[in-house]
Amino acid sequence: MAHKKGAGSSRNGRESHSKRLGIKIFGGQEAIAGNIIVRQRGTRHNPDKNVGIGKDHTLFALIGGTVIFKKKADDKSYVSVIPFETAAVEAPVKEKKVAAAEPKAEEIAAPAAPKAKKASKAEAPVETASSEEEAAVAE
């Protein structure tokens with residue numbers, strides 16, 4: 001009689017491939033419609049605006065835009081996609097702030113006079129001593 005099992009055993013079966021789960025597009029990155037955002041088992045992350053969910057709980061973008069992860073009052077993670085058009089409207093506002101910081105034409109034409117350099121604390125007593133010596137020499 002054989003002392004070992006002849007066919008496959010329950011000790012086998014460790015040859016399954018990894019499922020490559022996790023976040024595929026992170027917050028702040030851009031996604032186009034149909035892109036997979038998260039592959040997961042169960043709903044660790046829930047779909048929000050413009051995000052669909054597959055039968056295996058995969059989250060995907062319904063429209064093109066920027067991906068955002070946030071937690072709501074129920075302390076659950078929600079994924080949403082903000083459309084590109086909305087992001088394009090917000091961009092010129094930032095450019096106006098940058099334009100205001102640039103120097104004006106008047107400032108470029110007439111440069112400001114050089115500012116007087118302030119003496120440091122270490123230099124101040126030396127200057128007073130030298131002026132006293134000059135006063136003594138003048139007398």
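A: Let's begin with a term: a contact means heavy atoms within 4.5 Å. With that in hand, residues 24 or more positions apart account for 41% of the contacts in the protein chain with a separation of 6 or more.

A word on the source: this is a predicted model, in which local features need pLDDT of at least 70, side-chain atom pairs count only at pLDDT 80 or more, and totals for chains, interfaces and linings use all residues. Residues are numbered from 1 along each chain as its sequence is written, and side-chain values use heavy atoms, leaving out hydrogens and water.

Now the overall layout. The protein chain has three helices and eight strands, where helices (H or I, at least four residues) and strands (E, at least two) are DSSP runs numbered from the N terminus. Along the sequence the pattern reads β-β-β-β-β-β-β-β-α-α-α.

Is S8 mostly covered or mostly open? It is mostly covered, with five of its seven residues buried; buried means under 20% relative accessible area, with a 1.4 Å probe and protein chains only. For the protein chain, 15% of the 139 residues count as buried.

Next, the neighbours of S8. Two strands pair if DSSP finds at least two bridges between them. Seven bridges join S8 to strand S7 (residues 65–71), and these two run antiparallel; Lys 70, for instance, has Tyr 78 in S8 as its bridge partner. S7 and S8 form a hairpin with five residues between them, and Asp 75 in the turn has a positive phi of about 60 degrees. Strand S4 (residues 45–47) is joined to S8 by three bridges and runs parallel to it, with Pro 47 opposite Val 79.

Step back and you find four strands in an open sheet, ordered S2-S7-S8-S4, with mixed pairing. Strand S2 (30–31) and S4 stand at the edges with a single partner strand each, so one side of each has no neighbour in the sheet.

Notes: Buried < 20%, exposed > 50% of the residue type's maximum accessible area, 1.4 Å probe, protein only.
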